[in-house]
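Take a look at the sequence and the model, then work through each solution step by step.

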Amino acid sequence: MSDPGIRVPRDDDRVVDLSDDFVVLPEQTTDDTDRGWGERSSGNDDWLRAERPPHWD
């Protein structure tokens, strides 16, 4: 049995630090990269832009 003289803090009373100093989830996971998929890290963006269909303009 708890002592009625001891005040137990409620969730509404506690202070929550919402600063951006900590990372909950990374911006990008390792399997979300070219290397994670087993591909080379060199990009082919220029080729993709050159080969884009005309209806995408």
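**Exercise 1: a tryptophan**

W37 counts as exposed because its relative accessibility is 65%, where exposed means over 50% relative accessible area, buried under 20% and partly exposed in between (1.4 Å probe, protein chains only). This is a predicted model, in which local features need pLDDT of at least 70 and side-chain atom pairs count only at pLDDT 80 or more, while totals for chains, interfaces and linings use all residues. Residues are numbered from 1 along each chain as its sequence is written, and side-chain values use heavy atoms, leaving out hydrogens and water.

Task: find where W37 sits and what its side chain meets.

- Step 1: W37 belongs to the segment before α1.
- Step 2: a polar atom of the W37 side chain lies 3.1 Å from the backbone oxygen of D31.

**Exercise 2: the salt bridge**

Task: work out which side chains meet in a salt bridge (a side-chain nitrogen of Lys or Arg within 4 Å of a carboxyl oxygen of Asp or Glu).

- Step 1: the structure has 1 salt bridge.
- Step 2: R49 and D46 form it, at 3.6 Å from N to O.
- Step 3: the two are about one helical turn apart, because 3 residues separate R49 and D46 in helix α1.
- Step 4: R49 is exposed, at 52% relative accessible area, and D46 counts as exposed at 62%.

**Exercise 3: the whole chain**

Task: say how much of the protein chain is buried.

- Step 1: the chain has 57 residues, and 0% of them count as buried.
- Step 2: the chain holds 1 helix and 0 strands.

Technical notes
Helix = DSSP H or I, 4+ residues; strand = E, 2+ residues; numbered from the N terminus. Polar contact = N/O pair within 3.5 Å; in protein donor to acceptor, adjacent residues only side chain to side chain.
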